Amino acid sequence: MSYSPTNATDLVQRRNSPPPRMGFPWGRLFHYVYCSLSYIFLLAPMVVVVGASLHGGEFYTAIRFPPVEPSLRWYGEIPSSQFEALGLSFLLAGGAALGACVIGIPAALGIVRARLPGRTFISSVFRAPLQIPSIVTGIAFLQLYYLFGDATGLYFQGTFLGLYLGHLFVATPYVIGTVTAILQRFDSRLEEAALSLGASRWSTFRRVTLPVIMPGVYAGALYAFMVSFGDVPISIFLTAPGFVTYPVELFYGMENDFNPSILASASLVIFFCLLVLLGMQKLVGLDNLLRSGSR
Amino acid sequence: MTIKRRKAATQGALIAIGLGVAASASAGEFDGVTLTIATWGGTWKSNIEEVIVPKFEAMGGKVEFVTGSPQANLAKLIAARGRAPFDVMEVLDAQEKDFFTTGDFIQNVDLSKIPNAEGLDDWQRNESRVASWNTQETICYDKGKFAELGLEPPTTYTDLINEKLAGRISIPDITSGGGLANFGAFAYAAGGDETNVQPALDLINKLDALKFWSRGGEVITQFQSGDVYAAIVHAGWCTRAKNAGANVTTAHPKINDEHTGVNKYGWLVIMKSSENTDAANWYINEYLDPEFQLRLATKAGVVPVNKEAIARLEEDPVLAEMLVLDPAKLDTQLRIDYSKADIASWNDQWNRAVTK
Amino acid sequence: MLPSFIVIGILIVASQYVFLKGSFYKDLGLGRIGDTAVLDNYIRFFTDPFYLRTLWITIKTSALAAFFTLLLGFPVAYLIARMRSRWSMLLLAGIVVATFVTIVIKVFGLIIIFAADGWVNKMLLGLHIVDRPYTIIGNQVGVVVGLMHFTLGFGVLLLYSVIQTIPRSLEEAAQIHGASRFRMHLRVLLPLSLPGITVGSLMIFNMCMGAFTSAALLGGGRVFTLPVLIQRTVMMEVKYSMAGTLSAILLITVLLINLLSVFLLRRFRTARLVVT
């Protein structure tokens, strides 16, 4: 278990020997300033978006920041179609994350553990969906569905399953990637030891392998969720009337016109995510979850 | 305005209920019919949802939308191998060849069921299509900045070639709604035409544009942020920029001796695979209703095709300033003849010329 | 593994088959294609400097975005991974939430921030770094910035999970033995996290190679990467064959770059083993 940073010896060592302090910690200060700059880069556009969503002035078709006469009026103007789209997006992204784990974990185990010829090739195939431009994936799936429908009479386009397959396709490589990254650093002798001590394959997986790869699984599932949730180019082709994902709704909502209620609903998503993350932290501890997962 | 829109929706619903009761004898004309419309999203769709949809629902039907630009919807149509996922579609003039020359996507409209089409010019209606609206493509410029820089109001595109405006101009990307119309207009202004667009590319490169816009909303934001002093947009965007607080107005560019101003228009067509033809013709008729045309004009800044509605635009001072409403002047606006244009080649030449 | 491989394999083969098969035919307009297989599209690509330049710009912007994402993301990932307070949770949440906001929305924020009289330009002008307002819209810098906004959140989380797997005790041991912070990073942290960093940066690079929204919105229609060109070829010209050719070339390029980096990494590690 030497790879789990929260194990007992590590904790003891950490408590007993604080890092040595030598003069003013310039390196540490530089590190903090540097990270702050990264955060400013990442978060500044969102500050503008949330700020502009509070603009309470007249209808203006353009983003205005800082807001004039701050108010929440645009939050009341969010059309119901955006909420419906949000519901579909959450369902789809959750499903894609789950499905990506079901497919991705065994795939990663296979890539790292199985001594197969052409492993590099197989892992490239698994990673391939990441290299196909999303717009091509969208059109390719749509054409595939029409072809399949012509042959069998079963049309997938505009159905949840059809959309789901497209999202699953792009989400799975993330789980494979994160789990592979962890497995490559994990000593397979631990598994062999467990097996030689008479543990079954399943219990070896559950008790030895799974705890180690859990952070990768959580991280991968999170990426899968985020990729699916943010996708525009695939969903454009696979959605149907009255059945639209949130980013597509926004994408087209902004094509002809711009309405601040878009900023308001984007801000709501931000707050909702923060709330979910804080809830997770309160219940299980998000940092612990992503950190070790081995409890 | 959006508050009004809500109120309008409620009123629409109330009217719908009223109609439902009053017309109960003929109610059910469209019982169980689901009409699917391919059109733009956002407030464009909202206009339809608030005016036309309640009437249709009162007659027993239901309306759904496939949102996207006409280009994107054509791509969906082609990907679907002609089995259109919609009944009625908004088409751009630039898609002339796709829909009316080589394509096999549409069925005829029934003009006898579209009495409102009688208010249209002859060229605006025939057995395959009916005009829906048009836009006036203009130079929208910041009056304050131009005065500050000591520049006269622009009258031609070449007036924008100026050191003081370098990097301060926004031009529609060829993939945007007005992209092809303006590109064609540039070609005419620079001495070319539909079959020779190279002069347009030379002109565009001389203009030193900051960017090529693909969403009108960006242009308005950039007028406000001071990034852009002049933009080639249709008058509707300029109106919205003005409403947003920018100090802008339109100039209808002089193209050549024959033409001043640029006109782009849209069509409504019924898809070949549609089985709801009665409902589709009914929808087109409602679209041409003067009240709805007027609403599109005031909300989206497009020009009605309905003459009665055009005449009433004079009452709106901002629109009267931004648009050309005099019928004689309207006739001199340039309309690109897309049957002569090879759009694929336009795109290819554009891509090569503008890449950085 | 086999079932997973079959599922993904079928999805890839089936979806790409229809599309890529078309890449060998001629476009006849309106999505129709010719009926004999020819190499015309491929020949056109490799003999036309415009397409070759597009490929080069795609690789360049993606590589730069991946590099800067690593540069900005690694210290953040390290900070969060090694933090012992509850703040780490907040910092993580910031990253996750930022990734949840689509670039379609963020681009409006970026326009305001980088506007001619926006904050960045005021600062740059005030510090006399530039003498006229600098814009990131409509050039390759903007595309790289847009791609970074797309990938930075992923990058940080990815690197975070890599650093998680490196026991803190190793670093502390190095410091106790008198290694400076910098030397510790160079000699302990970097080699240990290298496989993870490679996998991570390849994932980021791949994401960039396939991204079209950032390049389309921040390129201002002036920067053509392959995804942007593919989107235009499909949406505007409706040439499925040429688009298929472009995607096939994009796919092969990315696969080759991935294989090459994995190969180089192996060589590198073998070489190190020989030295030490």
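A residue is termed buried here if 20 or more other C-beta atoms lie within 10 Å of its own, with C-beta atoms placed from the backbone. By this criterion, 48% of the 295 residues of chain A count as buried. The structure is a predicted model.

**Chain A: fold and helix packing**

- Chain A contains twelve helices and zero strands, and its pattern along the sequence reads α-α-α-α-α-α-α-α-α-α-α-α.
- When contacts in chain A between residues at least 6 apart in sequence are considered, 75% join residues at least 24 apart.
- Two packed helices are described by the angle between their axes and the distance between the axes.
- In chain A, helix H5 (residues 134–152) packs against helix H6 (residues 160–183) at an angle of about 140°, and their axes are 11 Å apart.
- H5(A) and H6(A) are therefore oblique to each other, and their crossing is right-handed.
- On the H5(A) side, the contact is made by A:Ser134, A:Thr137, A:Gly138, A:Phe141 and A:Tyr145; on the H6(A) side, by A:Gly162, A:Leu165, A:Gly166, A:Phe169 and A:Val170.
- By class, the residues of this contact of H5(A) with H6(A) comprise five nonpolar, five polar and no charged.

**Contact between chains C and A**

- In this contact, 75 residues of chain C meet 87 residues of chain A.
- The side of chain C that touches chain A receives the most from helix H1 (residues 2–22) of chain C, which gives twelve residues.
- That side of chain C has 50 nonpolar, 21 polar and four charged residues.

**Contact between chains B and C**

- Chain B contributes 27 residues to the contact with chain C, and chain C contributes 26 residues.
- On the side of chain B that touches chain C, two or more residues come from each of helix H3 (70–79), strand S8 (209–213), helix H8 (216–225) and helix H15 (343–354) of chain B.
- This side of chain B is made up of eight nonpolar, twelve polar and seven charged residues.

**Domains of chain B**

- Chain B is divided into domain 1 (2–134 + 266–311) and domain 2 (135–263 + 319–354).
- The C-alpha centres of domain 1 and domain 2 of chain B are 28 Å apart.
- Their contact takes 15 residues from domain 1 of chain B and 18 residues from domain 2 of chain B.
- Helix H4 (96–101) and helix H11 (290–300) of chain B each supply at least two residues of the side of domain 1 that touches domain 2, with the largest share, three residues, coming from H4(B).
- Seven nonpolar, five polar and three charged residues form this side of domain 1 of chain B.

- B:Asp87 lies in the loop between H3 and strand S3 (88–92) of chain B.
- B:Asp87 counts as buried because it has 24 C-beta neighbours inside 10 Å.
- Apart from neighbours within four places in sequence, B:Asp87 is in contact with B:Leu35, B:Thr36, B:Ile270, B:Met271, B:Ser274, B:Asn276 and B:Ala280.
- The C-alpha atoms of B:Asp87 and B:Phe56 are separated by 15 Å, and these residues are 31 residues apart along the chain.
- Helix H11 (residues 226–235) of chain C is largely enclosed by the rest of the structure, because nine of its ten residues are buried.
- The buried residues of H11(C) include C:Gln231, C:Arg232 and C:Thr233, together with C:Leu226, C:Pro227, C:Val228, C:Leu229, C:Ile230 and C:Val234.

Note on methods
Residues numbered from 1 in each chain as written. Chains lettered and ligands numbered in written order. Predicted model: local features only at pLDDT ≥ 70, side-chain atom pairs only at ≥ 80, totals over all residues. Domains from an automatic or database assignment. Contact = placed C-beta atoms within 7 Å. Helix = DSSP H or I, 4+ residues; strand = E, 2+ residues; numbered from the N terminus. Nonpolar A, V, L, I, M, F, W, Y, C, P; charged D, E, K, R; others polar. Buried ≥ 20, exposed ≤ 12 C-beta atoms within 10 Å, placed from the backbone. Axes fitted to C-alpha atoms, helices over the stretch in contact; angles between N-to-C directions. Parallel < 35°, antiparallel > 145°, perpendicular 65-115°, else oblique. Left-handed = near helix turned anticlockwise from the far one by under 90°.
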